[in-house]
Amino acid sequence: MSIQQTDTEVTLSIGDKASLTVLLYGATVTSWKKSSQEQLFLSQGAILNGTKAVRGGIPLVFPVFGKPTDHEATSKLPQHGFARTSTWQFLGKTNEVPGEKISVQFGLGPEDISDEAKSQWGFDFTLVYTVTLTLDSLTTSLNVENTDSRPWDFNVLFHTYFKIPEIDDVAVTGLTAVRVADKVLKSSYVEQTEKVTFNGEVDRVYASATQPVSIESKGTPVFHIERSAELKDVVVWNPWTEKAEGMADFQPKSAFHQMVCVECGSVAEWNKLNPGSQWTGFQTIKSLL
Ligand code: TA6
């Protein structure tokens, strides 16, 4: 059976060659397996009962990235917005090539979010999230529509937690010469290195990164990420020891060694959407091992 659905999640499978699980809460991809090998990091302390954003997988960030203090319209929203903490509608299968590919969609509108979220943002919108699984790739695509009579601004980001063997051996490539807002160093600079490596907390927004990005382990590419031009920015994050200690749902604490976040989105600037207009951005992650 290529699609199985429960009250809380949808699982896609292509024989025993690939599978994917999406929690309706946040439309959060919580598992992506290629040949039974898990590709995404999911904290052992992740809360999956719909009471907190999932610590791992691919949480969806919308309509705001982080918690900006200089943007009135989103200033009352929680960090990273309401999309990852709302229960989405499963809209069904949109495409299937038996044995090769399967696509499903999820939807979110004002009727699906809490009264609190409505009061915190207050605009009409429609999100349609398309997830496509193939034998060696995962594509996530988000269509954003302004169904309000007023224009509004948004950020969007696929907050992807990749599972990797050991962070000490990992490098992220494709970010050379890109402008960086470094939240750890509290500075901005242009990335000089060909390979972004990790020997402490990393929390950076790479703005207008035009090249595809890869994740290497011991010099061997393990993930390759292509994205549409709308997803101009790439966030790179590893919490390391101290921040891992500070997150109750990050377990075990040493698990920062087995994860890296490489997050495609549009977060460095606000995207303005006029009434009736739509915006679509997608990423395709290829697992190379
Ligand atoms: O994407 C990186 C980041 O913005 C970090 O600053 C860190 O806050 C991370 O997201 C996780 O945020 P969360 O709200 O899920 O704890």
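## Hairpin, ligand shell and cysteines in a predicted model

Strands S14 and S15 form a hairpin with four residues between them, and Lys-186 in the turn has a positive phi of about 55°. Helices (H or I, at least four residues) and strands (E, at least two) are DSSP runs, numbered from the N terminus. The structure is a predicted model, in which local features need pLDDT of at least 70 and side-chain atom pairs count only at pLDDT 80 or more, while totals for chains, interfaces and linings use all residues. Residues are numbered from 1 along each chain as its sequence is written, and side-chain values use heavy atoms, with hydrogens and water left out.

### Strand pairing

Strand S14 covers residues 179–182 and strand S15 residues 187–190; the two pair in the antiparallel sense over four bridges. Two strands count as paired if DSSP finds at least two bridges between them.

An open sheet of five strands has the order S1-S2-S3-S4-S5, and its pairing is antiparallel. Its edges are strand S1 (3–5) and S5, each of which pairs on one side only. Inside the sheet, strand S3 (residues 18–23) and strand S4 (residues 28–34) run antiparallel and are joined by six bridges. Ala-18 has Lys-34 in S4 as its bridge partner.

The loop between strand S5 (37–38) and strand S6 (60–61) contains Leu-48. Leu-48 has a relative accessibility of 42% and counts as partly exposed. The terms used here are buried for under 20% relative accessible area, exposed for over 50%, and partly exposed in between (1.4 Å probe, protein chains only). From C-alpha to C-alpha, Leu-48 lies 33 Å from Gly-174, and the two are 126 residues apart in sequence.

### The ligand

The ligand is surrounded by Arg-55, Phe-65, Gln-79, His-80, Arg-84, His-159, Lys-183, Asp-203, Val-235, Trp-237 and Glu-263. By class, the shell has three nonpolar, three polar and five charged residues.

| Side chain | Distance to a ligand oxygen atom |
|---|---|
| Gln-79 | 2.8 Å |
| His-159 | 2.9 Å |
| Asp-203 | 2.6 Å |

Taken alone, the ligand exposes 390 Å², of which the protein buries 84%. These areas come from the Shrake-Rupley method with a 1.4 Å probe.

### Asn-238 and the cysteines

Asn-238 belongs to strand S20 (residues 233–238) and is buried, with 0% relative accessibility. A polar atom of the Asn-238 side chain lies 2.8 Å from the backbone oxygen of Met-259. For such a contact within protein, one atom must be able to donate a hydrogen and the other to accept it, and residues adjacent in sequence count only if both atoms are side-chain atoms.

A disulfide is a covalent bond between the sulfur atoms of two cysteines. The criterion used is a pair of cysteine sulfur atoms within 2.5 Å, and by this rule the count comes to zero disulfides. Cys-261 is in no disulfide, its nearest cysteine sulfur being that of Cys-264, 12 Å away.

Conventions: Near = heavy atom within 4 Å. Polar contact = N/O pair within 3.5 Å; in protein donor to acceptor, adjacent residues only side chain to side chain. Nonpolar A, V, L, I, M, F, W, Y, C, P; charged D, E, K, R; others polar.
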